[in-house]
Amino acid sequence: MQDSLSLMQFHDPYLYSGSAVGANLPLSTHSFLPHHQEFVHTGDRCPGKDDVPEFVDQAAAEVSGEQELAISKEVSEGGGDGAVEEQSGAATARGEEEAHGVRMIALLMECAVAVSVGNLADANGMLLELAQMASPYASSCGERLVAYFTKAMAARLMSSWVGICAPLAPPCAAVHAAFRAFYNVSPLARFAYLACNQAILEAFHGKRLVHIVDLDVVPGGALQWLSLLPALAARPGGPPFLRVTGFGLSVSALHDTGNQLAGLASKLSMPFEFYAITKRPGDVDAAAAVPSRRPGEALAVHWLRHAMYDAAGDDGATMRLVRWLEPKVLSLVEQERGGAPGDGGGAGHGHGHFLDRFVSALHHYSALFDSLGASRPADEDASRHLVEHGVLGREIGNVLAVGGPSRSGRDKLGCWQAELARHGFLRAGGAGRAQLVAGACPAGLGYTVADDHDGTVRLGWKGTPLYAVSTWTCCPSPHAQR
């Protein structure tokens, strides 16, 4: 019978932490609520100056229609003047909030146009106005989104004036804490982990020696593997001998990951080894730090791509490392947005100039902010704010303020799926992964799961694709040497 992951993927990640991480308390779980904040969606393109009146008229017409419907309903039910006034006041307030959102988005777009043509003085004036209009603590998802885009644009403006590109912020303990909150608040990371783990489980079927190489441990730490180990241990014939090699620049994240996995493996009576490599996979001599493959060992490579920091270093060197490893399966998670090489963008088209990158990022992150607002609608939700500030805001800043290959001089690839195919990797799509993820999807909220003909699982929000999970297998050259 084919190995399959159960919904243990959704257990609290620190259930099996043991004494190694006893100081880490689990985040409280919260149910998903079928409610979200209303804000302006920009669609596939953002409004320019000529589009704003039409956009405003449309919003005003919708508000007017809702108001008339509410008033007629109250009159027909004999609600009285007080009820009519209350409904009218609520509709008016909602209309003002929507109009405010339209003004912010239009001004933000004008600012992006000014930055793209080098009109820094006008852009600075618009940013000062936006800073007064938007707050990262607002109840509106759209206002919080504009606040983080305003901050990123201000950083880019400053670097343009100085004439240098600011470096990407390095990973730190705050990144892991924020990503852990993202894992608990939004199901998107759990969906991606579930699809990847199922692919790895299938590739390891019947193998007694298995090895996972995680190209960036820092964001999730042990979160992903804490649900894979029990599935491996439950296989007929007993658990395999598992080795995990983790890359990352945070010594503490690597140490904690190794301790958590070793503690769980001990409880499962699973032979286990963890190798910590305090490098990026694209750094010099990264391949020499990877432990040698044992005879008959099945190897899997995993990479969760993001824009929180430069996790790979030189993408060309990273690709050479992946080819050298000759994995039985490679699981790749990419963001579904266009972007310039090196900005952390993923499966979408890339290589465009700043304005293209800005529009695609605005579309991508507006959907993410909306999904978080649906999951955690409270005005003062500390976990949601941690995610927006520590994950999404950090990514927006890196994509807009320091995006582009000139920031580091390193080679950066646009779409890794295309590069893998170009370097001889083949799709390793498996039937049922999308169905497995869809079965774990909270109903009635708006999360979507799609399955391409090539096996790529696409995770989205209300039809907007946000993440792509693809799996690949290496076709080694007959002359390749390890």
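Colleague: Let's start with Ser269: which loop does Ser269 lie in?
Modeller: First, this is a predicted model: local features need pLDDT of at least 70, side-chain atom pairs count only at pLDDT 80 or more, and totals for chains, interfaces and linings use all residues. Residues are numbered from 1 along each chain as its sequence is written, and side-chain values use heavy atoms, with hydrogens and water left out. Helices (H or I, at least four residues) and strands (E, at least two) are DSSP runs numbered from the N terminus. On that numbering, Ser269 sits in the loop between α8 (251-267) and β3.

Colleague: Is Ser269 buried or exposed?
Modeller: Buried is under 20% relative accessible area, exposed is over 50%, and partly exposed is in between (1.4 Å probe, protein chains only). Ser269 has a relative accessible area of 61%, so the label is exposed.

Colleague: What is the phi of Ser269?
Modeller: Ser269 isn't a glycine, yet its phi is positive. The value is about 55°.

Colleague: Glu326 has a positive phi as well; where does Glu326 lie?
Modeller: Glu326 is a residue other than glycine with phi near 50°. Its place is the loop between α10 and β5.

Colleague: On to strand β4 (residues 298-304): how many of its residues are buried?
Modeller: In a regular strand, side chains alternate between the two faces of the sheet. In β4, Ala298, Ala300, His302 and Leu304 are buried on one side, and Leu299, Val301 and Trp303 are buried on the other. Both faces are covered, and the count is seven of seven.

Colleague: Which residue of β4 stands opposite Ile212?
Modeller: Two strands pair if DSSP finds at least two bridges between them. Strand β1 (residues 209-214) runs parallel to β4, with five bridges joining them. Opposite Ile212 you'll find Ala300.

Colleague: And which residue in β5 is the bridge partner of Trp303?
Modeller: β5 (residues 329-335) also pairs with β4 in the parallel sense, over five bridges. The partner of Trp303 is Leu332.

Colleague: Which hand does the β-α-β unit of β4, α10 and β5 have?
Modeller: The rule is to point the strands away from the viewer and follow the path from the first strand over the helix to the second; clockwise counts as right-handed. Here the helix is α10 (residues 315-325), and the unit is right-handed.

Colleague: How many salt bridges does the structure hold?
Modeller: A salt bridge here is a side-chain nitrogen of Lys or Arg within 4 Å of a carboxyl oxygen of Asp or Glu. Arg144, Arg384 and Glu388 are linked in a network of them. For the whole structure, the number is 14.

Colleague: How many residues apart in sequence are the parts that Glu202 and Arg433 tie together?
Modeller: The two side chains meet in a salt bridge at 2.8 Å, N to O. Glu202 is in helix α6 (residues 188-203) and Arg433 in helix α14 (residues 433-439), so the pair ties together parts whose separation is 231 residues.

Colleague: How far apart are the closest N and O atoms of Asp310 and Arg280?
Modeller: Both of these residues are buried. They form a salt bridge, and the closest N and O atoms are separated by 3.9 Å.

Colleague: What is the relative accessible area of Asp370?
Modeller: Asp370 forms a salt bridge with Lys462, at 3.7 Å between the closest N and O atoms. That links helix α11 to the loop between β8 (457-461) and β9 (464-474), 92 residues apart. Lys462 is partly exposed at 41%, whereas Asp370 is buried, at 0%.

Colleague: Last one: what separates the C-alpha atoms of His211 and Thr245?
Modeller: His211 lies in strand β1 and is buried, with 0% relative accessible area. Thr245 is 34 residues away along the chain, but the C-alpha separation is 7.6 Å.
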